[in-house]
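Here's a quick briefing to get you started. Have a look at the model first, then read on for its strands and its rings.

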Amino acid sequence: MSILQLVVVIVLPWALIHILHLLYRRGVHDEALFPVPISATEPSTSLGMRSKLKRQGYSIELGPLWLKYETTRWNWLFSPSMFASSLSLVTGTSQIDTLHLVRIRRFCRGFYAVGSALCILVLVLGTFSLLWSGIFTISRIMLWLTTTHQDQHYGKAKRTIEDAPHSPPGHWSELHTLIPGVTTPLSELPILFVALTLSAAIHEAGHAVSAALESIPTLSVGFHLYLAIPAFFVSLRDFSLPTAARVRIASAGPWHNICTWIIFALLGFSGISRIPLLTPTSSASIPSVDDPSSDGTCSSSGSSGICSASTRGYTPFSAWSYLGYVNTQARGLVVNDVSPESPLYGHLHVGSVIVQIDDQRLAAAKQIPSAAMDIWSAYLSIAVTEASKMHSEAEGWCVPDHWFDSQKDTCCYRNTTDTSASNAVPSSNSCFKSRIMTTTNGSSEGSPPKLRCLDPVGLFTYQHRIAYGEKAVNPVAGPSSPDTGTGGAYGSRCHDDCSRSAGDSGSYTCVQLHLNRGEDDQRLTRLEIEAPPWLHEHSGPPTRIIIYKGPTSEILDHVSVGFLQPRTSIFPPMFLPHFIQSTVPAIIFLLCEYIGRMSLSLAIFNLLPIRGLDGGVIFSCILQWLLSKPRGRRREEFDGLELLERGESSQGLRRGPSSRGYERSREKIERVVSMTTIIMGALVVIATVWADIVS
């Protein structure tokens with residue numbers, strides 16, 4: 001997403017909102033559209049940039065790039081009576097004993113009291129940390145400016161990054177800002193918006209629930225939308241409350257955010273947030289090929305060194321079968337998507353089932369459903385040196401001696417400086433070598449292996465075609481003499497010696513693929529494919545073999561596989577399981593991460609001792625506890641949570657001269673601390689943003 005797209009995404013919704021607003025007001029005045037009367041209407045200002053509409057139960061205020069919505073329809077959720085109703089619903093009893101209700105209310109107050117103590121600790125530590133960070137930032141700025149001025153004074157007009165003795169201010173800090181398009185991708189802006197919205201709603205819900213525990217009813221709830229930044233609010237009825245209750249209500253919002261951050265942090269560490277049940281294919285972590293038993297949950301398969309499976313795999317969600325998908329774990333892996341950049345594009349059809357890759361069967365056992373995915377990922381990640389060792393230990397192919405000796409060897413020396421290969425040119429053939437015969441004691445016998453160039457397609461597919469009654473061309477007999485399977489060991493599998501059928505008196509050599517170090521593009525991979533149901537030919541063979549020449553890592557990058565195959569090519573859509581597998585878990589995981597980070601950031605920000613924030617109210621209460629505790633002191637009037645968050649105190653109580661002097665001293669301290677915090681915070685934020693943009 002580019003900057004222009006970001007502007008369009010933000011401005012276009014606001015333009016639509018204003019167009020709908022104009023149509024709505026015109027319809028109300030003309031009684032043509034929306035004939036429902038408005039109970040109260042506030043005319044727009046002289047500039048015509050603000051309007052307010054009130055109806056029964058809600059009101060809407062609209063500005064150029066801001067919107068406010070306030071309603072009373074959700075007040076019952078946070079009413080004191082709803083607290084008792086919720087408890088009766090949870091306990092399953094129609095009535096709750098008053099003593100039991102009092103105990104539960106006391107427990108909840110204790111929960112928020114613990115949150116208040118923790119929030120006070122965060123406020124103190126955060127304030128001192130911000131003060132130290134601000135002083136350190138000022139010193140870094142002064143040092144950086146002084147160094148730059150001295151360089152200019154002595155004529156150093158240009159410096160490199162390596163020559164600079166000091167980095168820009170802010171590089172020392174571990175803080176990082178979330179700037180769409182700079183520090184975070186613009187494509188994550190919708191997820192960031194949702195995370196911020198949920199974090200703000202959780203914050204305000206904490207204030208409302210804590211107020212309900214103090215028997216304070218809610219007047220209204222609503223939200224503000226400034227450009228693309230959401231903010232929620234809760235308005236409470238005016239009540240006279242003790243200082244401890246004010247602290248509990250003011251700190252309830254940050255306490256909810258801290259609890260949310262703890263929950264999502266635990267989910268992230270436990271791995272539950274990855275929601276494996278939503279993915280149609282969920283494999284355990286890919287084991288190491290070099291050390292197959294590294295995780296202690298799998299064993300090697302034969303001599304190939306491939307970890308067969310891990311017992312931590314998950315089966316596809318059973319609900320997919322009701323949507324028209326078939327689980328292919330007992331057959332192999334379904335091709336979900338093939339990149340157009342891959343040479344397999346057009347040959348490997350979407351919806352096909354990969355039954356076997358080389359000599360590795362992909363059919364999963366019921367006890368270990370993720371075996372096929374583990375084998376696929378681990379086998380295609382093998383390095384060329386390990387692949388060469390595997391080819392030497394695996395079975396080879398039988399070819400006639402005289403025919404093998406008559407083939408050229410030019411393709412075997414394309415990366416060498418051997419003068420005997422002066423005619424080496426690029427070829428579609430691949431280099432094969434004859435296997436060395438070994439004795440019973442493990443020593444080799446006979447002459448060194450011969451290198452020859454052979455066509456891998458005919459060699460690998462000949463016996464497969466003959467087995468299913470298809471016509472196959474035997475290159476030994478010539479292209480004009482098709483072999484119908486009457487005899488011949490050409491293309492059959494072997495170890496050291498070739499097994500001949502009855503009546504076959506020919507002499508055969510067992511050959512295998514030859515790979516030099518660094519020849520990853522010469523690797524051959526056999527994929528045995530089962531065609532999708534809509535392309536399956538009933539008269540043809542059930543499977544066919546595709547030969548891929550090139551690095552196996554490209555197959556892993558360009559081919560997406562899974563376990564769910566649609567029954568038809570039209571419905572259900574093939575892309576749906578692949579989309580949910582690759583996109584939805586990543587989105588939910590990223591959303592959980594942003595909710596945790598936003599909740600923690602919102603808690604720390606609101607606990608700063610700034611007038612208008614929760615920290616300002618808590619700091620005011622701390623000053624009241626520390627500076628003055630006169631006997632018979634009247635309780636201050638509770639002006640609602642919205643007034644508390646703005647740092648305003650009640651003005652309705654009459655106070656004596658000493659009380660007024662105390663209030664003036666407290667307000668003076670609050671103003672000084674608030675302004676100092678704002679200045680230091682602005683310096684730290686500017687330095688952090690600067691460092692993030694520069695880096």
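Let's start with an open sheet of 5 strands, which runs in the order 18-15-22-14-21 with antiparallel pairing. This is a predicted model, in which local features need pLDDT of at least 70, side-chain atom pairs count only at pLDDT 80 or more, and totals for chains, interfaces and linings use all residues. Residues are numbered from 1 along each chain as its sequence is written, and side-chain values use heavy atoms, leaving out hydrogens and water.

**The sheet**
- Strands here are DSSP runs (E, at least two residues), numbered from the N terminus, and two of them pair if DSSP finds at least two bridges between them.
- Strand 15 (residues 430-434) and strand 18 run antiparallel, joined by 4 bridges.
- Across that pairing, Ser-430 sits opposite Leu-454 in strand 18.

**Aromatic rings**
- The whole structure holds 10 aromatic pairs (rings of Phe, Tyr and the six-membered ring of Trp, centres within 6.5 Å; planes under 30 degrees apart are stacked, over 60 edge-to-face, the rest tilted).
- Phe-111 and Tyr-112 make an edge-to-face pair, 5.2 Å centre to centre with 80° between the planes.
- Tyr-112 is buried at 6% relative accessible area, while Phe-111 is partly exposed at 36% (buried is under 20%, exposed over 50%, partly exposed in between, with a 1.4 Å probe and protein chains only).
- Tyr-58, Tyr-69, Phe-223 and Phe-232 form one aromatic cluster.

**Charges over rings**
- Lys-68 lies over the face of Phe-233, 5.3 Å from the ring centre (NZ of Lys or CZ of Arg must be within 6 Å of the centre and within 35 degrees of the ring normal).
- Arg-526 lies over the face of Phe-460, at 5.6 Å from the ring centre.
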